[in-house]
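Hello,

Here is the structure we talked about handing over. Please look through it, then read the notes below.

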Amino acid sequence: YFTKSGKANTNNQSLTCNLKDNRYDKFAEFLATTTRHFVDEGYNVTYIDPVNEPRYDWKDGQEGSPWENSNIAKLAKELDKSITSRNLSTKILIPEASSWDLLYSGTGRASKQINAFFKSTSSNYIGDLPSLAKVVAGHSYWTFGNNSDLKDIREKVRDAAQEYGLEVMQTEWSMLDAAPSTSAGFPDSYDAATKMDIALYMGKLIYCDLNYGNMSGWSYWTAFAQEKYSQKNRFYLIRINAQGDSGEESYGDIKNGGKLTADKNLWVLGNYSRFIRPGYKRVSVDGADEMNDLMGSSWLSPDGNTLVTVLVNMNRKSRNISLSLADKSFENIKTYVTNKINNLRLTPALSDASNMEIPAKSVVTVVATLGNSSGISTIKADSKN
């Protein structure tokens, strides 16, 4: 009842924003009141994310609204008032751009959003709001089909955000688009791809987002779903099967229960999220930056005692590597492997950092205990059949 269309979508109307012009304050009050309730119940609500993919018209029935940059700025100002009046530490997170390029370029609705909100001379400047997170959020859709986009677009986002001292968060992705190109190391179609191929490419995308985009957070959409229409595991971490299903695809009613199965996407994501914890800092890596072969990133714990290195091997061949840290030795090493046959499996055989064989088409996490660290790791890799 706060919307112009009377629906949670635009109801096939041509609207620039579906929120009624006289309801910005009421909507902000609703969001802050709800947040205050859950904080009082003991839940740590870190962010309120009031808009989603503002570029789209949202005419197809899915919940959502288009938003001009001016609409977003107006809502953020009202929400800041409501948050402040309730003494909440919760921050406002914007703008949930549907693709990275809209944060620094583009024309029309919801474009050039970093400058729009954080450049002090902009008519939509809101960078001084106390409750606004110094973060820009966006989605990795539409920009992951080839190696040039994976690197160049993310570096442009990073540079645009750094100009204003902002973090970047990747807040929604699944393999929604057309299949990535074979030149980027993906099979020639989704039909030809295995579930491990799909999960492995996600591992590559995470590497590109974190390393080229310098992103401080990464989120998948969605946690669990039924597998349908030969889509394999493109849209879930955990597969739902309704009761009575005989295969992995599921079209039955899940209201009466069923079965949950962890999939390769969950394990590949776990190679990052299980070990790179809040407060860890990415450190420079020399070597292992081949986008169609071996990619490696390293992360140092806040106390400087643990180094986490995640290796994505896109190649059909295993790779021999040596892993070293300037002026330091590894005191203890644990290695976790995800590939066609292993799911984040602790592998004692890979405990010698000077001679590790990284399996073909795998994601491997190396966790090493250290003393003090200079923060520079070196990876040397050689091909092996």
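What covers the buried residues of α2? The cover includes α1 (24-40), β1 (47-48), β2 (91-97) and α3 (113-118), with contact meaning heavy atoms within 4.5 Å.

Two points on the source. This is a predicted model, where local features need pLDDT of at least 70, side-chain atom pairs count only at pLDDT 80 or more, and totals for chains, interfaces and linings use all residues. Residues are numbered from 1 along each chain as its sequence is written, and side-chain values use heavy atoms, with hydrogens and water left out.

Now the helix. Helices (H or I, at least four residues) and strands (E, at least two) are DSSP runs, numbered from the N terminus. Buried residues of α2 include Ile72, Leu75, Leu79 and Ile83. Buried means under 20% relative accessible area, exposed over 50%, partly exposed in between (1.4 Å probe, protein chains only). Asn87 follows α2 and has a positive phi, near 55°.

Next, the sheet. Three strands form an open sheet in the order β6-β7-β8, with mixed pairing. Its edge strands, β6 (224-226) and β8 (258-262), each pair on one side only. Pairing takes at least two DSSP bridges between two strands. β6 and β7 (residues 238-242) run parallel, joined by three bridges. Phe224 has Ile238 in β7 as its bridge partner.

Last, the cysteines. Cys17 is buried at 2% relative accessibility. Cys208 is buried at 0%.

Best wishes
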